[in-house]
Amino acid sequence: MTLIQKIRLSERYGVHFYVISALFSIAAAIVCFFYPVAIPVCITMKLLCIPVILYLCESFQNKHTIYFYLNLGISKIEYYLIPVVTEFSFFIALITISCCIGNVVR
């Protein structure tokens with residue numbers, strides 16, 4: 001299974017994580033658009049929110065779901081790590097684009 005296939009598969013089991021994290025990412029991008037000095041605060045908040053969101057998604061998820069994806073060839077570390085890394089990469093790209101556009105507009 002390639003990395004792209006694993007990321008696509010993570011869209012199925014990590015949909016709750018992606019939605020909740022995307023809401024925070026969009027809100028942080030809007031704040032950074034108007035106040036670029038808030039970038040370190042937004043990154044710190046994102047790093048602090050990731051474990052909380054991951055814990056909440058795991059606690060509300062069906063306990064037997066992980067075994068289905070483990071049987072598809074994803075390890076337990078990949079099961080938790082792929083959505084986090086993918087969404088954090090999206091967050092960094094969104095913050096960067098938001099700040100660049102914000103500086104051009106001003």
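**Figure 1. Contacts across the chain of a predicted model.** Residues 24 or more positions apart make up 79% of the chain's contacts with a separation of 6 or more. A contact means heavy atoms within 4.5 Å. The model is predicted: local features need pLDDT of at least 70, side-chain atom pairs count only at pLDDT 80 or more, and totals for chains, interfaces and linings use all residues. Residues are numbered from 1 along each chain as its sequence is written, and side-chain values use heavy atoms, without hydrogens and water.

**Figure 2. Helices of the chain.** Five helices and zero strands are present, in the order α-α-α-α-α along the sequence. Helices are DSSP runs of H or I with at least four residues, strands are E runs of at least two, and both are numbered from the N terminus. The C-alpha atoms fill a box of roughly 50 × 30 × 15 Å along the principal axes.

**Figure 3. Helix 1 against helix 5.**

**Figure 4. Residues where helix 1 and helix 5 meet.** Helix 1 contributes K6, I7, S10 and Y13. Helix 5 meets them with E78, Y79, I82, P83 and T86.

**Figure 5. Burial in the chain.** Of 106 residues, 29% count as buried, meaning under 20% relative accessible area with a 1.4 Å probe, protein chains only.

Terms used:
Buried < 20%, exposed > 50% of the residue type's maximum accessible area, 1.4 Å probe, protein only.
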